[in-house]
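Open the model in your viewer and keep the sequence panel beside it. The stops below go from the whole chain to single residues.

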Amino acid sequence: MLRTLILGIVQGLTEFLPISSSAHLSIVPKLLGLRTPELAFDVLLHFGTLAAVVVYFARDLWAFVLSLVAPRMLGQREAAARRRQLGLLVIASIPAAIFGYLLQNWADEQTSRPLRSAVWLVLTTLIMIAAELWARSHPAPATGGAIREAEAATAPAAERAPASLFEKEPVAPEPAQVQFAAAAARPMTRAEIRRQRQDAPAEPGSATEELERLPLRKAAGIGLAQAVALIPGTSRSGVTISAGLFEGISREAAARFSFLLSIPAILGAGVLKLGDLSQASESTAQLAVGFLAAAVSGFLAVSFLIRMLRTHTLWPFIWYRLIAGGLFVVLLATVRG
């Protein structure tokens with residue numbers, strides 16, 4: 001039971017943090033003396049991370065569905081924007097689907113060798129280093145989330161909401177604000193909500209607005225980068241966010257697109273190997289623990305990374321990959337055989 005819990009947590013965290021799940025699922029069991037996860041259990045862990053990202057983006061996924069079957073519920077502007085985003089995700093998923101079908105056996109063979117996975121973990125970090133160095137000299141505009149956090153940190157105390165009961169109260173609102181608040185207290189009709197959704201654009205400078213304006217060529221470039229993640233140690237999120245940085249996309253917007261793009265990739269890979277689930281040697285309870293551990297830790301990883309990338313870079317993960325990867329190589333070379 002402890003083994004399935006550990007492997008579930010490892011899968012959930014490393015699937016979405018840019019440190020490579022395939023490499024860690026190959027290396028960690030070897031170093032801890034645990035049995036390497038069989039294909040059936042590996043498939044189940046991936047379905048756990050799929051559940052995590054689906055839950056996190058449930059609102060977006062539901063909006064995609066409504067944009068196709070009931071666009072009037074979203075409003076004309078949002079429905080059109082959602083359909084466009086969905087089209088970009090479909091097109092961007094094609095390279096990974098093609099290369100995944102052709103090279104999956106080669107990728108599985110590479111992953112089955114922990115030392116080789118550790119070497120790839122170090123070498124493919126060069127992609128992220130190059131992307132961060134490029135982004136430093138070609139900075140993307142800050143997203144709305146980053147701007148709000150920076151403003152909140154630097155705003156005078158009188159302009160912020162009190163952080164606790166003991167902080168001085170903010171200045172009284174202007175009469176216009178009071179009038180607006182009173183109007184907002186009245187329940188809006190469905191027609192008013194629909195018109196508001198239709199007419200109100202996404203917040204200027206936000207990751208949502210950035211994705212609404214994402215050009216086709218940039219989405220295709222991120223999709224092509226996702227195919228590179230077949231190389232063990234690369235990390236799907238690491239290589240796709242790096243591709244976004246090369247294309248001038250903010251880190252938060254690139255991360256959101258990367259995670260949405262991971263849904264069809266994980267689902268497709270899982271469906272192809274669905275038949276192997278019946279060959280699992282773990283008990284039903286052990287499978288459930290692994291699934292839940294992967295789902296919960298995966299959800300936390302997605303939430304953490306998106307929030308972090310509003311104001312931070314990929315460098316903490318780059319240093320982790322270089323240091324941990326180097327240690328993995330040394331340890332695995334020592335215990336090999």
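Residues 24 or more positions apart make up 81% of the contacts in the protein chain with a separation of 6 or more, a contact being heavy atoms within 4.5 Å. This is a predicted model, in which local features need pLDDT of at least 70 and side-chain atom pairs count only at pLDDT 80 or more, while totals for chains, interfaces and linings use all residues. Residues are numbered from 1 along each chain as its sequence is written, and side-chain values use heavy atoms, with hydrogens and water left out.

**Whole chain**

Show the protein chain as a cartoon: its secondary structure is 16 helices and zero strands. Helices (H or I, at least four residues) and strands (E, at least two) are DSSP runs, numbered from the N terminus. Of the 337 residues, 43% are buried; buried means under 20% relative accessible area, exposed over 50%, and partly exposed in between (1.4 Å probe, protein chains only).

Now colour by pLDDT, the predictor's confidence in each residue, from 0 to 100. The chain has a mean of 82, and 79% of its residues reach 70 or more. Select residues 150-174, where pLDDT stays under 50 and the model has 12 contacts beyond four places in sequence. Then select residues 176-184, where pLDDT also stays under 50 and the model has one such contact. Where pLDDT is low, the predicted coordinates should not be read in detail.

Select α1 (2-16). Its 15 residues reach 22 Å from first C-alpha to last, close to the 21 Å expected at 1.5 Å a residue; the expected span is 1.5 Å times one less than the number of residues. Its buried residues include Arg-3, Gln-11 and Glu-15. Among the elements covering the buried residues of α1 are α2, α3 (39-56) and α15 (284-308).

Move on to Ser-20, in the loop between α1 and α2 (21-32). Ser-20 has a positive phi of about 80° although it is not a glycine, and it is buried at a relative accessible area of 1%.

**The largest nonpolar core**

A nonpolar core is a set of buried Ala, Val, Leu, Ile, Met, Phe, Trp, Tyr and Cys residues joined through side-chain atoms within 4.5 Å. Which residues touch the most other members of the largest one? Select Phe-257, Phe-259, Leu-314 and Phe-317, out of 47 residues in that core. Helix α14 (residues 251-272) gives the largest share, nine residues. A second, separate core has nine residues, including Phe-41, Leu-44, Leu-45 and Ala-294.

Centre on Leu-314: beyond four places in sequence, its contacts include Pro-18, Met-128, Ile-241 and Arg-251.

**Along α14**

The end C-alpha atoms of α14 are 31 Å apart, which agrees with the 32 Å that its 22 residues should span. Look along its axis to Ser-262, where α14 bends by about 25° and Pro-264 follows within four residues. The bend is the angle between axes fitted to the seven residues ending there and the seven starting there.

Select Asp-60 in α4 (residues 58-69). Asp-60 counts as buried because its relative accessibility is 13%. Leaving out residues up to four places away in sequence, Asp-60 touches Arg-82, Arg-256 and Leu-260.

Finish at Ser-235, in the loop between α12 (216-228) and α13 (236-246). Ser-235 has a positive phi of about 80° without being a glycine, and at 4% relative accessibility it counts as buried.
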